[in-house]
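Let's take a walk through this model together, starting with single residues and ending with the chain as a whole. Have the viewer ready.

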Amino acid sequence: MAEVALKTDVAPGSVPWTSERIRWTGGLMLAMLVAAMDSTIVGTALPTIGGELGNFSLYPWVFSGYLLTATTTVPLWGKLADLYGRKLVLYAGLAIFVGASVLCASAHSMLALVLFRALQGLGAGSLQPVTTTLVGDLFPMPQRAKIQGLFGGMWALAAVTGPLLGAVLVSTVGWRWIFIVNVPIGVVSAVLLWSFSDRVRGGKVSIDYLGALLLTAGVGLLLFGFGSGGVGTHVQWPLIGFAVAVLAAFVLVERRAPSPTVPLRFLTDSVIGPALLLSILGGTLFFGLTSYVPLYVQAGLGGSATSAGAALAPLTIGWPIASAVSGRLMLRLGYQRLVLTGTLIILAGTLLLAAPPPITPLAWVGVSTMVIGVGLGTLLSPLLVVLQTLVEWGDRGSITAMNQFSRTIGGAVGVALMGILLASQITSGALARGLDPAKVADPLRLSTQTATGRDLVAHGIQSVNLVYVGIAVMSVVVAVLVTRRRSEVSLQG
């Protein structure tokens with residue numbers, strides 16, 4: 001498969017911008033925006049939500065529960081998009097996402113919010129991969145590389161407005177409005193896409209529901225076994241062992257299924273396999289930063305929700321800018337050079353984040369996250385174009401879903417593991433200072449009471465920052481392996 005030159009299923013060049021195509025593109029951009037906005041607007045509000053709803057042990061599950069359903073359902077959404085058409089599946093995802101957003105806004109306990117976020121993640125599992133698949137269907141390779149700038153702009157818009165809007169809503173009308181804003185965006189997106197009719201795969205195609213169920217159960221049990229990363233929770237090794245057994249059964253089912261949820265044959269490809277591994281590492285880094293940078297700023301530095309948004313916004317600003325630039329450079333430079341460059345930039349950014357700040361800590365975090373965002377955009381966007389172009393139309397939904405699955409599975413498991421590390425560091429720090437670990441079960445409230453609490457959180461986050469450096473080093477190693485296969489893939493317009 002890796003020997004096949006990259007081609008498109010339409011003639012090289014560009015397609016005309018008709019009024020319908022403009023409306024469809026606008027609808028897809030809004031669908032992308034609603035998913036991107038949810039990533040940026042929620043992160044800055046979570047410390048405030050945790051302070052109001054309490055039960056801090058469930059704090060990581062607001063992310064992990066969302067990522068669990070968003071992750072494990074992505075391959076199934078991709079398969080359904082190939083079978084029943086992209087539009088119908090995208091509409092289903094929008095309906096679930098918007099409806100769950102309303103439920104999140106009505107939550108009156110942390111447990112209810114976690115459950116509603118899991119439902120929201122079910123809808124989100126459709127939005128980004130199906131939207132990205134449709135972009136691959138609508139535009140040939142050269143034009144698609146340029147169109148990336150428009151869709152990257154949705155992430156930039158969300159990056160600029162999301163954290164600030166979240167901070168404004170939290171400090172004025174309340175945090176519940178960060179979920180309500182999803183409703184009008186989702187409705188307008190559906191209206192703009194109403195006239196779209198897409199291609200549907202002919203013939204009989206089976207759906208591997210058993211594989212999807214085993215995957216969801218295995219990942220869910222794995223996260224429960226890790227204790228969700230909450231302070232005061234413990235790793236449950238028997239549950240982790242059971243999760244491994246379920247995931248092993250999932251692999252056996254996928255190998256025998258005529259139409260598997262996750263086509264394992266892609267993993268052995270010399271280009272697709274490393275590309276998906278890089279997506280896992282990139283997703284782990286991105287969601288880790290999204291989860292714990294706001295916590296560090298508010299609970300470690302004593303900053304406000306606005307400060308947390310300002311520190312995180314550069315991450316999601318740098319990504320789409322670099323994505324747009326790399327899309328235009330890919331045909332000239334080759335994706336291998338961009339992949340290696342992106343991982344080196346990520347490594348530089350994580351080293352900056354882990355280093356003692358020579359300037360104001362808040363400003364230093366912003367500089368570091370900007371560099372990491374540029375690296376992620378340079379790395380991951382070219383990989384997506386390559387993956388979509390290496391496969392036939394009938395597999396495009398599946399491979400796009402696998403790429404998204406790789407990012408979110410890295411985020412779901414990574415956030416939980418980082419939470420365990422953070423919890424252990426806070427607990428050990430409390431014991432070293434002669435404090436009762438039970439009294440630091442909620443670092444958000446502790447940090448608002450004493451400087452000692454802020455020191456404990458800051459010390460724990462520093463350990464998480466070192467994990468980011470390790471992830472970056474692994475990414476460079478994989479990128480070097482990809483670069484050595486330079487002659488195996490050629491980009492053709």
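A residue counts as buried when its relative accessible area is under 20%, as exposed when it is over 50%, and as partly exposed in between (1.4 Å probe, protein chains only). This is a predicted model, in which local features need pLDDT of at least 70 and side-chain atom pairs count only at pLDDT 80 or more, while totals for chains, interfaces and linings use all residues. Residues are numbered from 1 along each chain as its sequence is written, and side-chain values use heavy atoms, with hydrogens and water left out.

Start at N182, which has a relative accessible area of 0% and is therefore buried. N182 sits in helix α8, residues 182–192; helices here are DSSP runs (H or I, at least four residues), strands are runs of E of at least two, and both are numbered from the N terminus. The side chain of N182 forms a polar contact of 3.0 Å with that of S101. Such a contact is a pair of N or O atoms within 3.5 Å; within protein, one must be able to donate a hydrogen and the other to accept it, and residues adjacent in sequence count only if both atoms are side-chain atoms. Leaving aside residues up to four places away in sequence, N182 touches V34, D38, F97, V98, S101 and Q120, where contact means heavy atoms within 4.5 Å.

Now step across to Q120, a residue of helix α5. Q120 is buried because its relative accessibility is 0%. Its side chain is joined to that of R117 by a polar contact of 2.9 Å. Beyond four places in sequence, the residues that Q120 touches include D38, F97, S101 and N182.

Helix α5 (residues 110–138) also packs against helix α3 (residues 74–84), at an angle of about 55° and with the axes 9 Å apart. That makes α3 oblique to α5. From α3, the contact uses V74, W77 and A81, and from α5 L122, G125, S126, P129 and V130. These residues divide into 6 nonpolar, 2 polar and no charged, with Ala, Val, Leu, Ile, Met, Phe, Trp, Tyr, Cys and Pro counted as nonpolar, Asp, Glu, Lys and Arg as charged, and the others, Gly among them, as polar.

For another setting, look at T306 in helix α12, residues 305–333. T306 is partly exposed because its relative accessible area is 42%.

Finally, zoom out: the chain has 17 helices and 0 strands. Of its 493 residues, 61% are buried.

Terms used: Axes are lines fitted to C-alpha atoms, for helices over the stretch in contact, and angles run from 0 to 180 degrees between N-to-C directions. Angles under 35 degrees count as roughly parallel, over 145 as roughly antiparallel, 65 to 115 as roughly perpendicular and the rest as oblique.
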